[in-house]
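Student: I would like to learn how to read a structure feature by feature. Could we look at one together, slowly?

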Amino acid sequence: YRYRNGTVSTDIEGFVDKFTSAHNGALINCTSWKYNGHIATYIRLRPDNSTDNNTEWTPIFNSTSATVGPFSYPNLPEFRVKFTKHKEVDKYLYQSVNVNLYNGNGTRLGNTNFILYGRKVEADEDYPSNTSITGYKRFYFDGPWSGSSSCSEYLSLDYLEGFNFEMQTSVGSSNMFQFTKPDGEVHSESMDHCSSFSTWQEMLQEAQSADLKLTTWTQDLADYFTTEYSVNTMSDNSTDNSTDDLQGILKELKLLLQA
């Protein structure tokens, strides 16, 4: 699929016979010898009998979710927001998605901030959607970490063909923001290029609770799309520390990329 900015989307798949707890948090990084770029994702495992993972969707609009926690690093929650489109965009829309992180005393340590702007455009052969979505991906520091540098980058989200997708914020991942389209196609927006990303990772070690906040100044935004959220909480109930299968993952990926 070719986007307006001239880039082309592709997918790589791999299979592993067995996962162990040693795989949890492992980074899979795919690079290209031809193009200046990379795609990366982390392996995140949850026990089959876990009751900590909320798969139910809760409506949220211009408000803050219930507090999630307590938790401890590196078992950080992942917040998912489902966008459901109701009608085509015919004016300028604004939606902000934030995850706030707090220490054990309830002091905010920092927050992620992803801003989505929607506007109507003329469709063409390369971009069949009538909706253009742009935005900013950011993180900020607060409280005892307020002197640290924030990070912000403007984005053209050509791969989103309207407000009908799922967005995941994983505060502990370099691919902090992930978008899944209705057809299952996944796109990630990384933050590990930020000069203060290592400081962000240090701050996360003090985080013990979090919440999700959605804000907008578009009063009739719900006429265009509605939003729901769910939370995945991380846990590690396994004592298996084998690393043999991780080597298998990397070997299979290497062979796949060379094919």
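Student: Which residues does Lys181 touch, not counting residues up to four places away in sequence?

Tutor: Contact means heavy atoms within 4.5 Å, and by that rule Lys181 touches Tyr159, Leu160, Glu161 and His187, with residues up to four places away in sequence not counted. This is a predicted model, in which local features need pLDDT of at least 70 and side-chain atom pairs count only at pLDDT 80 or more, while totals for chains, interfaces and linings use all residues. Residues are numbered from 1 along each chain as its sequence is written, and side-chain values use heavy atoms, with hydrogens and water left out.

Student: Where is the place of Lys181, and is Lys181 buried or exposed?

Tutor: Helices (H or I, at least four residues) and strands (E, at least two) are DSSP runs, numbered from the N terminus; Lys181 is in the loop between β10 (177–180) and β11 (186–189). Buried means under 20% relative accessible area, exposed over 50% and partly exposed in between, with a 1.4 Å probe and protein chains only, so Lys181, at 10%, is buried.

Student: What joins the side chains of Lys181 and Glu161?

Tutor: A polar contact is a pair of N or O atoms within 3.5 Å; within protein, one must be able to donate a hydrogen and the other to accept it, and residues adjacent in sequence count only if both atoms are side-chain atoms. The side chains of Lys181 and Glu161 are joined by such a contact, of 3.2 Å.

Student: In which strand does Lys85 lie, and what does the side chain of Lys85 make a polar contact with?

Tutor: Lys85 lies in strand β4 (residues 78–85), and its side chain makes a polar contact of 3.0 Å with the side chain of Glu88. Lys85 counts as partly exposed, at 33% relative accessibility, and it touches Phe163, Asn164, Tyr224 and Phe225, again without residues up to four places away in sequence. Lys85 and Phe165 are 80 residues apart in sequence, and 8.6 Å apart in space from C-alpha to C-alpha.

Student: How is a pair of aromatic rings described?

Tutor: A pair of aromatic rings is described by the distance of the centres and the angle of the planes. Rings of Phe, Tyr and Trp (its six-membered ring) pair if their centres lie within 6.5 Å; planes under 30 degrees apart count as stacked, over 60 as edge-to-face and the rest as tilted. By this rule the count comes to 18 aromatic pairs. One of them is formed by Phe114 and Phe179, edge-to-face, at 5.3 Å centre to centre and with 65 degrees between the planes. This pair links distant parts of the chain, since Phe114 is in strand β6 and Phe179 in strand β10, 65 residues apart. Phe114 counts as buried at 0% relative accessibility, and Phe179 counts as buried at 0% as well.

Student: Why is the pair of Phe165 and Phe179 edge-to-face?

Tutor: The ring centres of Phe165 and Phe179 are 5.7 Å apart and the planes stand at 70 degrees, so the pair is edge-to-face. Because Phe165 lies in strand β9 (residues 165–170) and Phe179 in strand β10, the pair ties together parts that are 14 residues apart in sequence.

Student: Which residues form one aromatic cluster?

Tutor: One aromatic cluster is formed by Phe83, Phe114, Tyr159, Phe163, Phe165, Phe177, Phe179 and Phe225.
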